[in-house]
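Subject: Handover of a structure and notes on it

Dear colleague,

Please find below the structure that I am handing over to you. My notes follow it and are intended for a reader who has not seen it before.

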Amino acid sequence: MKCKNSLVSRAVCLFATGAFLSLVLNMLQIQHHLPSFKHKLVLKLLYSSWWVPTICGIGSAIVGLLYPCFDSKLGEQLLESPEWSKVMRCITLFVGINHATTKINFSSNLELSISLAVLSIGLWWVFDRTRSGFGMGIGIAILATLMIQMLVQHEFCKFTEREFLYIRSWLPSIVFSGGVTIGNIGRKLALIEEENGSKKHQE
């Protein structure tokens, strides 16, 4: 029962984190690239994109719980313990990458894609460097890209061709780096749970 409760607590924390980050990043993207949404931004965001934080929250919970499991299965050894300071630096860099891309005017979507890919791999190299982290990041990036493609095809969400090409150019890299970020949070929460369990066992 205790194990189940701790698992639920981790899932709730990861869901809340993923949903919050998605709202922050979505707001940055809308403010800069979709000026028609600037007026009454919060109301329009909640009305038109309610599914974004929901999906991101669920995805974050799944990814954050799976990362420690894959680490264990693959026998991954992290370069250093995922301390909260490291986790916060990773979150800050992740948000910073997103914010920078909204401020820089790229000459083409291809230039944006390449720049984000380099930055995302750099984030993985600095804060992860594991096979499980890289594989999970690639996997969820592919799934996210396919999902948004299906949503557009079935007209669940509507974009102009220009907006869709822009979204498709940054989505894979942002999801990849987001997976690395959430994975570090999931690892830290799992480590805290493990340490608490060891202390109780010793007592």
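Is the crossing of α3 and α6 left-handed or right-handed? The crossing of these two helices is right-handed.

**Overview**

Please note that this is a predicted model. The protein chain contains seven helices and zero strands, and its pattern along the sequence reads α-α-α-α-α-α-α. Of the 203 residues in the protein chain, 40% are buried. Among contacts in the protein chain with a separation of 6 or more, 84% are between residues 24 or more positions apart.

Helix α6 covers residues 131-153, which amounts to 23 residues. From its first C-alpha to its last, α6 reaches 33 Å, close to the 33 Å expected at 1.5 Å a residue. The buried residues of α6 are S132, G133, M136, G137, I140, A141, T145, I148 and L151. As a general point, an α-helix has 3.6 residues a turn, so residues three or four places apart point the same way.

Helix α3, residues 51-74, packs with α6 at an angle of about 155 degrees, and the two axes are 10 Å apart. An angle over 145 degrees counts as roughly antiparallel, and α3 is therefore roughly antiparallel to α6. On the α3 side, the residues that meet α6 are W51, I55, V63, L66, Y67, F70, D71 and L74. Their counterparts in α6 are R131, S132, G133, M136, G137, I140, M147, I148 and L151. By class, this contact of α3 with α6 has twelve nonpolar, three polar and two charged residues.

Two residues of α3 deserve a separate mention. Y67 is found in helix α3 and is buried, with a relative accessible area of 0%. Leaving aside neighbours within four places in sequence, Y67 is in contact with D128, G133, M136, G137, G179, V180, G183 and R187. The C-alpha atoms of Y67 and I185 are separated by 9.5 Å, although these residues are 118 residues apart along the chain.

S72 also has its place in helix α3, but S72 counts as exposed, at 60% relative accessibility. Between the C-alpha atoms of S72 and S132 the separation is 9.6 Å, and the two are 60 residues apart along the chain.

**Helices α4 and α5**

The residues K86, R89, C90, L93, F94, I97 and T101 in α4 meet L112, L116, L119, L123 and F127 in α5. The residues of this contact divide into nine nonpolar, one polar and two charged.

**The loop between α5 and α6**

R129 is placed in the loop between α5 and α6. Its phi is near 65 degrees, a positive value in a residue other than glycine. R129 counts as partly exposed, at 40% relative accessibility.

Helix α7 spans residues 161-202 and includes A190. I174 lies in helix α7 as well.

Which residues does I174 contact, leaving aside its neighbours within four places in sequence? They are F94, N98 and L116. I174 counts as buried, at 7% relative accessibility. In sequence I174 and F94 are 80 residues apart, while in space they are 8.3 Å apart, C-alpha to C-alpha.

Apart from neighbours within four places in sequence, A190 is in contact with R10 and P68. A190 and C69 are 121 residues apart in sequence and 9.5 Å apart in space, C-alpha to C-alpha.

With kind regards

Methods:
Residues numbered from 1 in each chain as written. Predicted model: local features only at pLDDT ≥ 70, side-chain atom pairs only at ≥ 80, totals over all residues. Heavy atoms only, no water. Helix = DSSP H or I, 4+ residues; strand = E, 2+ residues; numbered from the N terminus. Expected span 1.5 Å × (residues − 1). Buried < 20%, exposed > 50% of the residue type's maximum accessible area, 1.4 Å probe, protein only. Axes fitted to C-alpha atoms, helices over the stretch in contact; angles between N-to-C directions. Parallel < 35°, antiparallel > 145°, perpendicular 65-115°, else oblique. Left-handed = near helix turned anticlockwise from the far one by under 90°. Contact = heavy atoms within 4.5 Å. Nonpolar A, V, L, I, M, F, W, Y, C, P; charged D, E, K, R; others polar.
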